[in-house]
Amino acid sequence: NDPNVGQTAKETFDEAQKMLSEWIKNSTIEARGGVGFFKCNSNNEDDIELYDDDNNVIGKLHGLRQQQEFPQDDGEQTFHCLSDFIAPKNDFGVYDYIGLFAVSAGFGIEALVKDYKINK
């Protein structure tokens, strides 16, 4: 409803809605996702080591400790890291598990852009 840009903003929004409806109707753009569950342990460097079925390290998730100081009633600061919540690497063969996922949308965008450049 802005008097300066309201009309242009509404037109842009309406055009985007039309475009999205077209993409959905024609399945033009594809979204994909993947998920995995991995055996893991934390190490002494604030990292989480991921293992394959033969217990070989196949990846590391590097952690970062909290940096901001918070006032504590007892005066002692605790700087957490995600690896603090994963079973530590040990000689007893105790493992933890972690789930990871990734999603992405936009598969097929190259053909769509090419079509818009030619036809629109």
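A disulfide is defined as a pair of cysteine sulfur atoms within 2.5 Å. By this rule the structure has 0 disulfides. The sulfur of cysteine 81 has its closest cysteine sulfur in cysteine 40, 13 Å away, which is too far for a bond. Cysteine 40 is buried, at 0% relative accessible area. Cysteine 81 is also buried, at 3%. Here, buried means under 20% relative accessible area, exposed means over 50%, and partly exposed lies in between (1.4 Å probe, protein chains only).

The model is predicted; local features need pLDDT of at least 70, side-chain atom pairs count only at pLDDT 80 or more, and totals for chains, interfaces and linings use all residues. Residues are numbered from 1 along each chain as its sequence is written, and side-chain values use heavy atoms, with hydrogens and water left out.

Helices (H or I, at least four residues) and strands (E, at least two) are DSSP runs, numbered from the N terminus. Helix α1 covers residues 6-26, which is 21 residues. The expected span of a helix is 1.5 Å times one less than its number of residues. For α1 this gives 30 Å, and the end C-alpha atoms are 30 Å apart, so the two values agree. Just after α1, serine 27 takes a positive phi of about 50 degrees.

Strand β1 (residues 30-42) contains lysine 39. Lysine 39 is buried yet has no salt bridge. A salt bridge requires a side-chain nitrogen of Lys or Arg within 4 Å of a carboxyl oxygen of Asp or Glu. The nearest side chain of opposite charge to lysine 39 is aspartate 53, at 5.9 Å. In assigning charge, Lys and Arg count as positive and Asp and Glu as negative, while His and the chain ends are not counted. The side chain of lysine 39 does make a polar contact of 2.8 Å with that of asparagine 55. A polar contact is a pair of N or O atoms within 3.5 Å; within protein, one must be able to donate a hydrogen and the other to accept it, and residues adjacent in sequence count only if both atoms are side-chain atoms. Beyond its neighbours within four places in sequence, lysine 39 is in contact (heavy atoms within 4.5 Å) with residues including Glu49, Tyr51, Asp53 and Tyr95.

Aspartate 47 lies in strand β2 (residues 47-51). Aspartate 47 is buried, at 5% relative accessible area. Leaving aside neighbours within four places, the contacts of aspartate 47 include Asn41, Lys60, His62 and Ser83.

The structure holds 5 salt bridges. One of them joins arginine 32 and glutamate 30 (3.1 Å, N to O). Arginine 32 is partly exposed at 44%, and glutamate 30 is partly exposed at 40%. Another joins aspartate 46 and arginine 65 (3.0 Å, N to O). This pair links distant parts of the chain: aspartate 46 is in the loop between β1 and β2, and arginine 65 in the loop between β3 (57-62) and β4 (96-107), 19 residues apart. Asp46, Arg65 and Asp84 are linked in a network of salt bridges.

Lysine 89 and glutamate 49 also meet in a salt bridge (2.7 Å, N to O). Lysine 89 lies in the loop between β3 and β4 and glutamate 49 in strand β2, so the pair ties together parts 40 residues apart in sequence. Lysine 89 is partly exposed at 49%, whereas glutamate 49 is buried at 6%.
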